[in-house]
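User: I have a new model to go through. Can you walk me through the contacts between its chains and some of its charged pairs?

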Amino acid sequence: MGELKQIRFCGFGGQGVVLAGTILGYAAIKDGKWVSGSNSYGAQARGGSARSEVVISDDPIKFPHVIESDILVALSQSAYDVYIKNVAEKGALVIYDDLMVQPSHLRGVQQIGVPATNTAIHELESKQVANMVMLGASVAITRIVNRQALISSVIENVAERFRDVNVKALEVGYKLGEDHCCPE
Amino acid sequence: MTRRKIDSTLSPGFYYFSGNEAVAEGAIAAGCRYYAGYPITPSSETMERISIRFKDVDGVFIQMEDEIASICSVIGAVWAGAKAMTVTSGPGFSLMQEGIGYAALTETPLVIVDIQRAGPGTGQATRVASGDLMQAKWGSHGDYQTIALSPWSVQEMYDQTIDAFNLAEKYRVPVFLMGEEAIGHLRERMEVKPTVDIFDRAKKPGAPPFGTNQDDGIPPMPAFGEGERLLVTGSTHNEFGIRKTDDPEVHANLVTRINNKILKHRESIIKTEPYYLDDAEIIVVAYGFTARSSLFAVDRLRKEGKKVGLLRLKTIWPFADGIIHQIGRVAKKLFVPEMNRGQVRGEIMKYVACEVIPYNQTNGDIIHPHEIMKQVRSLL
Amino acid sequence: MGRDLEKYLRPEVKSTPFCPGCGHGILMNLILRAIDALELHMDEMLFVSGIGCAAWIPSPNFNADTLHTLHGRAVAFATGAKMFNPKLKTMVISGDGDLASIGGNHLIHAARRNIDLTVICANNMIYGMTGGQVASTSPVGAITSTTTEGNIYRPFDLCKLVLGAGAPYVARYSVTQPVSLIEAIKKSLTTEGFTFVEVLSTCPTQFGRRNRYDSPADMLTMLKESCISKQEAEQLTPEELQGKVITGEFSDGGA
């Protein structure tokens, strides 16, 4: 059996959590993986909670939802508080936005803060692309998909007028992730 | 009936489609070139994709004023020669029922996709359920048969949409793809193969379009504009379409034939998938998304050494009575988890004598594998 | 019906199902005369009808492709057939209850979309087949089996309705105006887009006998007296217009 990773992005509606998960899924397809992705969000377009789940595997996927997350990416405190209870017992990794989330102390869970919203506001002058900064950082840290596959996925799935800023955010995030990542 | 392979209209390869997008692509691959529909959550993504993709294949797309108009215009287009489809969800499926009965009696091949949501009524429009299965069988008045399929993955939303068209054409019958919100909105890796198997509509100029002496009971299917001067009516009719609304024999023969042409072929229509059945003491019978939860659960339980199996129903109607009867004789208990109040369990109980334990969840959520494991463990 | 029109009828059909004195027989004749005058070929035509007496005008009588559909849905069925195969010269023939009441939504939407259909609405102001119940086209005061003290609701002006939805050709005539009616049907068949002809017809069995038109001739006389042209209507005061039906072309397809 090959590897199976369960990734959960969470935040509040409007943060682009669903787009981040979808783009990750597309990238994993490009890498030749099996992928299942599902989303959950409130009825309203803004506010409320949003969640995007991606299961990436070397083999066909039996159950397509996340049962417990190997990787949790949190963009809001309320979402973090809910989903931190559902991370894998062994080797779970939590990546959180350090402006939005105050992590709780947990044994055996590696938690990494990424200044995604901060960077989006100050460096990229667009709060909306915090999701792409977070995605770029998460991929750099986890190497769950190929960097080039990720960039192509953004180019293919984001409307042309937002493309450049999203790709830039992804690259900036990727760099942040590399800086945070402890070399093995 | 001829079977041929056609080139796919989408480049072969792997895609990351949602289930609803996969339906649109499956329909196009199957040769569907007429689509009429009305927006309804959680199915609208299919219609949106069709409206764009039909431009590539010279298809006719129309957004109608309601679901009644959608099914009726689909029937009109089929008689004009199209392979046609509409996609909807519970409330729209309810509105279509009169048209479905008309299609059954006029033996109009068409495909209806129902992306099931939590009902009854408007219910929970964005949440999942599997509560329309009995409606697929009994929704319109009178006695008729349809074929209903139950996909469990995005790949099957594509593959079974193609199957649905082929079955509709082969048996001249409405075919339902009974999707569920959780599959319609799921994205997964989906493979588009280079070629697709297609059934072409049987033609036999001059032959009666509503009757046959052949054992299969399936008449050839002409179209308007072919000089056949067809008479198509939803009233009782003879083999040439002439109304016979007072003739008991014509009515009895017609109703019998449109039922038997499906029931006689049930062995080739019905598809099931067995998992670990050989020595299973408890067999889970499941379909749709719940079958995936069930397979995950059964796999885990097998690893624990539990004698548990799964029978997955890919076809809901006609019902898999034969294999259900068989497993009912060997298993101690059957366990039937459903996102409804026991629609398929009731059907199973017609064919088995053993205990059939229901697990019914109607909260708008999928049934989680852990719940199935817990329930099955309590039965061991 | 004239022998010269028999070629348009299915050989196996020996009689119509219409009651003695029914205006639909006249309409059936006039439709075929219009088709004959235009030299249209029956192999290229598709007739679509709904449920009700008027739906039996083409089915099973006309020797062409006919689609006899559900109650109210003829226009929706016709839309599908025409959209998929635009070569089919498609005519919908049905009654007022079918097209305007249960099927009213399909009627206005097909007009709005300007689907290339000819719709002939045989308006006898009542539900004939089901036993004479009030229709959305019954005049105020009409006695029917469900308005035994007289209809209290206003009838639809079907031409205004379809005109409001944008149909390029809209006309209304009575079966007592056969020459004008043939011309209107011809024009509806030659005008591109959604064309609508409302045909005032008679139902002596269900409408006549309840409303003191004791013979079919009395009903025809009533129609003859109440139908006036647009030009005549312009000369009349609102009081004088009471009870009159204005006939003519309300939109002439830009011709």
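Predicted model: local features only at pLDDT ≥ 70, side-chain atom pairs only at ≥ 80, totals over all residues.

User: Which pair of chains has the most contacts?

Analyst: Chains B and C, among the 2 pairs of chains that touch. Contact means heavy atoms within 4.5 Å. Chain A and chain C have no contact, and their closest C-alpha atoms lie 30 Å apart.

User: And chain A with chain B, how many residues are in contact?

Analyst: 18 residues of chain A are in contact with 18 residues of chain B. The area buried between the two is about 1600 Å², and carbon and sulfur atoms give 63% of it. Buried area is the accessible area (1.4 Å probe) that two parts lose on being put together, summed over both.

User: How many salt bridges cross the interface of chain A and chain B?

Analyst: The rule finds 1. Lys62(A) and Asp299(B) meet there through their side chains, at 2.9 Å from N to O.

User: Which elements of chain A give two or more residues to the side that touches chain B?

Analyst: Helix 1 (17–30) and strand 2 (34–41) of chain A. Strand 2 gives the most, with 5 residues. Helices (H or I, at least four residues) and strands (E, at least two) are DSSP runs, numbered from the N terminus.

User: What does strand 2 of chain A join in chain B?

Analyst: Strand 10 (residues 187–192) of chain B, through 2 bridges, and the two strands run antiparallel. Two strands pair if DSSP finds at least two bridges between them. Ser36(A) stands opposite Glu188(B) in strand 10 of chain B.

User: Changing topic. Which residue forms a salt bridge with Arg53(B)?

Analyst: Asp56(B) does, with the closest N and O atoms 2.9 Å apart. Both residues lie in helix 2 (residues 44–57) of chain B, 3 residues apart, about one turn of the helix.

User: Is Arg53(B) buried or exposed?

Analyst: Arg53(B) counts as buried because its relative accessibility is 8%. Asp56(B) is exposed, at 57%. Buried means under 20% relative accessible area, exposed over 50%, and partly exposed in between (1.4 Å probe, protein chains only).

User: What about Arg302(B), which residue does its side chain meet in a salt bridge?

Analyst: Asp279(B), at 2.9 Å from N to O. This pair links distant parts of the chain, with Arg302(B) in helix 11 (residues 288–303) and Asp279(B) in the loop between strand 13 (272–275) and strand 14 (282–287), 23 residues apart. Asp279(B) is partly exposed, with a relative accessible area of 36%.

User: And in chain C, which side chain does Lys82(C) meet in a salt bridge?

Analyst: That of Asp116(C), at 3.8 Å from N to O. Lys82(C) is in helix 2 (residues 74–84) of chain C, and Asp116(C) is in the loop between helix 4 (104–113) and strand 4 (118–123), 34 residues apart. Lys82(C) counts as buried at 9% relative accessibility, while Asp116(C) counts as partly exposed at 31%.

Definitions and conventions. Residues numbered from 1 in each chain as written. Chains lettered and ligands numbered in written order. Heavy atoms only, no water. Salt bridge = Lys/Arg side-chain N within 4 Å of Asp/Glu carboxyl O.
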